[in-house]
Amino acid sequence: MPTSRPTEQGRPPRASKKAEGTKRHVGFYPTPQAITHFSTALSDYGTTEHAIQLPHNAPLPIELIHEIIAWRLRQLPSDEE
C-alpha cells in the first residue's frame, strides 16, 4: 500500500527494517521477534506487535536502536552456512 510518508527499507530483504515519520512519532519496524526480545528496554516507548513508536519530543534512543539492529543481524544466517 503506497503512502506519502518517507521510509527507509533495509537491504537485503531478509534483513528488512523500516522507519517512517508520522505526525506524532517516528515508527521503527525491526521485527516482532526483536520487539519481544527488547520488551523491557522498550517499556518507555509505545509498541505494537510490529512497531516501536519513538516520540518527536524525546531524544532518539540511538544506542538501543543500534542494539536492536545488531541483534537482528545476528539472527540472520551467515553467508558461510
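User: Before the details, what do buried, exposed and partly exposed mean here?

Analyst: Buried means under 20% relative accessible area, exposed means over 50%, and partly exposed covers what lies in between. The model these terms are applied to is predicted.

User: Why is A41 called partly exposed?

Analyst: The relative accessibility of A41 is 40%.

User: What makes the span of α2 close to the expected one?

Analyst: Helix α2 (residues 62-75) has 14 residues. The expected span is 1.5 Å times one less than the number of residues, which comes to 20 Å for this helix. From first C-alpha to last, α2 reaches 20 Å, so the span is close to expectation.

User: How do you know that the buried residues of α2 line one face?

Analyst: The buried residues in α2 are L64, I65, I68 and W71. Seen down the helix axis, they fall within an arc of 125 degrees, so they line one face of the helix. On the other side of α2, E63 and R74 are exposed.

User: What covers that buried face?

Analyst: The cover over the buried residues of α2 includes β3 (25-29), α1 (32-37) and β5 (52-55).

User: Why are F38 and W71 called an aromatic pair, and what makes the pair edge-to-face?

Analyst: Rings pair if their centres lie within 6.5 Å. The centres of F38 and W71 are 6.0 Å apart, so the two rings meet that criterion. Planes over 60 degrees apart count as edge-to-face; here the angle is 85 degrees, and therefore the pair is edge-to-face. The structure holds one aromatic pair.

User: How do you know that this pair links distant parts of the chain?

Analyst: F38 is in the loop between α1 and β4, whereas W71 is in helix α2, and they are 33 residues apart. Both F38 and W71 are buried.

Key: Residues are numbered from 1 along each chain as its sequence is written. This is a predicted model: local features need pLDDT of at least 70, side-chain atom pairs count only at pLDDT 80 or more; totals for chains, interfaces and linings use all residues. Side-chain values use heavy atoms; hydrogens and water are left out. Helices (H or I, at least four residues) and strands (E, at least two) are DSSP runs, numbered from the N terminus. Buried means under 20% relative accessible area, exposed over 50%, partly exposed in between (1.4 Å probe, protein chains only). The arc is that of the directions from the helix axis to the C-beta atoms. Contact means heavy atoms within 4.5 Å. Rings of Phe, Tyr and Trp (its six-membered ring) pair if their centres lie within 6.5 Å; planes under 30 degrees apart count as stacked, over 60 as edge-to-face and the rest as tilted.
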